[in-house]
Amino acid sequence: MKNPFKNTAFLFGVTKAKNLPNDCGIEVLLSGRSNAGKSSALNSLADNKKLARISKTPGRTTEINFFEVEEGYKLLDLPGYGFAKSGQSRIKDWGSLLGEYFANRKALKGVLIFMDIRHPLKPIDLEMIKLCESFDIDYVAVLTKSDKVSKNIEAKKIHQVSNETNAIEIVSISSLNKKGFGTLRKVLLGFRNE
Ligand code: GDP
């Protein structure tokens, strides 16, 4: 079967709420602290090694980066979430962009929170969970780098995240050995088909 994410392409980055595109179609937000493995996961999802490079470009880290999977279905990358290296005013702009986006966006159907399976639920992850819960947005915990832990630890971490959050799904993936991407694609298509 053809990978439905194969043609995913970068559209544009947005820094201010007034520049958000029309609120239509379906949008799923990708968040995670820096180094969680989100870019690698986006590349593996689409089977395109260069796709997420854009979200790593300095200056783009305080944007919401829009990727189109297909017409009417977008993935939005938040490269700078919890990333405090930009100037104060840019961070403020970015915080208000995110707040505005969560409060008003009808297209927003769900959030994926990428967390290194070895240390999930860091304060910044809990902040994102709180944001989702306060706006009643479904979120999925994506536990990355599963190749780094034993089956036993993997099961324990999944159990921990299940106990401590209201995530609608918990998916464990490895961009190294490509495990879990079938499930991740299914979960993402579930938002599209809602
Ligand atoms: P991002 O900052 O969340 O976009 O994280 P990256 O995708 O850039 O990954 C951060 C680091 O973790 C890089 O050195 C990656 O090579 C590594 N990494 C990402 N995914 C995996 C994985 O599934 N397994 C292993 N072993 N390393 C990974």
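Asp136 is exposed, with a relative accessible area of 71%, where exposed stands for over 50%, buried for under 20% and partly exposed for the range in between (1.4 Å probe, protein chains only). This residue of the predicted model belongs to the loop between α3 and β6 (139-144); helices (H or I, at least four residues) and strands (E, at least two) are DSSP runs, numbered from the N terminus. Although Asp136 is not a glycine, its phi is positive, at about 60°. A positive phi, near 60°, also occurs at Leu121, again a residue other than glycine. Leu121 sits in the loop between β5 (108-116) and α3 (123-134), and it counts as buried because its relative accessibility is 11%.

Residue numbers start from 1 along each chain as its sequence is written, and side-chain values rest on heavy atoms, with hydrogens and water left out. Because the model is predicted, local features need pLDDT of at least 70 and side-chain atom pairs count only at pLDDT 80 or more, whereas totals for chains, interfaces and linings use all residues.

Turning to the aromatic residues, a search of the whole structure gives 5 aromatic pairs. Rings of Phe, Tyr and Trp (its six-membered ring) are paired if their centres lie within 6.5 Å, and planes under 30 degrees apart are called stacked, over 60 edge-to-face and the rest tilted. Phe5 and Tyr73 form an edge-to-face pair, because their ring centres are 6.4 Å apart and their planes stand at 65°. This pair links distant parts of the chain, 68 residues apart: Phe5 is in the segment before β1 (9-14), and Tyr73 is in strand β4 (residues 73-77). Phe5 is buried at 0% relative accessibility, and Tyr73 is buried at 0% as well. The rings of Phe12 and Phe66 have centres 5.1 Å apart and planes at 40°, so this pair is tilted. It too links distant parts of the chain, with Phe12 in strand β1 and Phe66 in strand β3 (residues 64-70), 54 residues apart. Phe12 is partly exposed at 32% relative accessible area, while Phe66 is buried at 0%. Elsewhere, ring pairs join Tyr101, Phe102 and Phe135 into a cluster.

The ligand has 15 residues around it, and Asn35, Ser39, Ser40, Lys56 and Ser175 come nearest; a residue is near a molecule or strand if one of its heavy atoms lies within 4 Å of it. An N or O atom in the side chain of Ser39 is 2.5 Å from an oxygen atom of the ligand. A polar backbone atom of Ser175 is 2.7 Å from a ligand oxygen, and for a backbone N or O atom of Leu176 the distance to a ligand oxygen is 3.4 Å. On its own the ligand has 580 Å² of accessible area, of which the protein covers 73%.

Arg53 lies in the loop between α1 (38-46) and β3 and is exposed at 55% relative accessible area. Lys38, in helix α1, is buried at 8%. Its side chain makes a polar contact of 2.4 Å with that of Asp77; such a contact is a pair of N or O atoms within 3.5 Å, and within protein one must be able to donate a hydrogen and the other to accept it, while residues adjacent in sequence count only if both atoms are side-chain atoms.

Definitions and conventions. Areas by Shrake-Rupley, 256 points an atom, 1.4 Å probe, with all protein chains shown as cover.
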